[in-house]
Amino acid sequence: EHVSKLVADLRIGALYTPPSRQGTVAAPGTLGGGLWGGGSFEPDSGRLFVSSQNLPSIMKIVDAPKNAPYPYSHDGYTKLRDGGGYPGVKPPWGQLTAIDLNEGTIAWQVPLGEHPELTARGVPKTGTELYGGSIVTAGGVVFIGATKDLKFRAIHSGTGETLWETQLEYGGFSTPATYMIDGKQYVVIAAGGGGKMGTASGDAYVAFALP
């Protein structure tokens, strides 16, 4: 179903347009924008790396239950999606941004994640919904999972280029960690999947190191 039909009876306005009984489209929404996983910072370059998603919400007011100490409530965290289940807004739906804190500018911004079925149809990389943060190493590598395609990626901190990626069995919707043992550095991510993404759930910690 086309998004224009879905929003025809909803309230749409400027930033901070309040919720309503018919439903108000809020962008980036309660589950959009910067994510709970936070950003990572590279001191030498002064760059902050932030993952974010573009996923509008439908904010609808309903009467509160009887005997509640307030008159109104809301009907849940409804995501605005098209008939195919994708976010009801123009891509990118998920991205990683490098912010130059010295200049107050965006150094680079890249889509993060992809939908293989869209890629197969020739659709440019859209990014996916994201839940999880990043870390950056002294060697200039940003590590992040977070994507709905269940991949774990290493990204060049200076350019945004993907240096390496691997498929996880369960989603790495968390912030990675790095540690060193006997002079060898490792990066590990909790890959539990599930949650707001609705992907398969697991209980794995997956660690990587250079040969």
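I'm counting a polar contact as a pair of N or O atoms within 3.5 Å; within protein, one must be able to donate a hydrogen and the other to accept it, and residues adjacent in sequence count only if both atoms are side-chain atoms.

Before going on: this is a predicted model, where local features need pLDDT of at least 70 and side-chain atom pairs count only at pLDDT 80 or more, while totals for chains, interfaces and linings use all residues. Residues are numbered from 1 along each chain as its sequence is written, and side-chain values use heavy atoms, with hydrogens and water left out.

**Ser51**

I looked up Ser51 and found it in strand E4 (residues 47-53); strands are DSSP runs of at least two residues, numbered from the N terminus. A polar atom of the Ser51 side chain sits 3.1 Å from the backbone oxygen of Gly132. Ser51 is buried, at 2% relative accessible area (buried is under 20%, exposed over 50%, partly exposed in between, 1.4 Å probe, protein chains only). Leaving aside neighbours within four places in sequence, I noted its contacts (heavy atoms within 4.5 Å), among them Gly33, Gln95, Leu130 and Ile144.

**Rings**

I then went through the aromatic pairs: rings of Phe, Tyr and Trp (its six-membered ring) with centres within 6.5 Å, stacked if the planes are under 30 degrees apart, edge-to-face if over 60, the rest tilted. The structure has seven. Trp164 and Phe208 are edge-to-face, 5.2 Å centre to centre with 70° between the planes. That pair joins strand E14 (residues 162-167) to strand E17 (residues 201-208), with Trp164 and Phe208 44 residues apart. Trp164 is partly exposed at 33%.

Tyr179 and Tyr186 are stacked, at 5.3 Å and 10°.

Terms used
Helix = DSSP H or I, 4+ residues; strand = E, 2+ residues; numbered from the N terminus.
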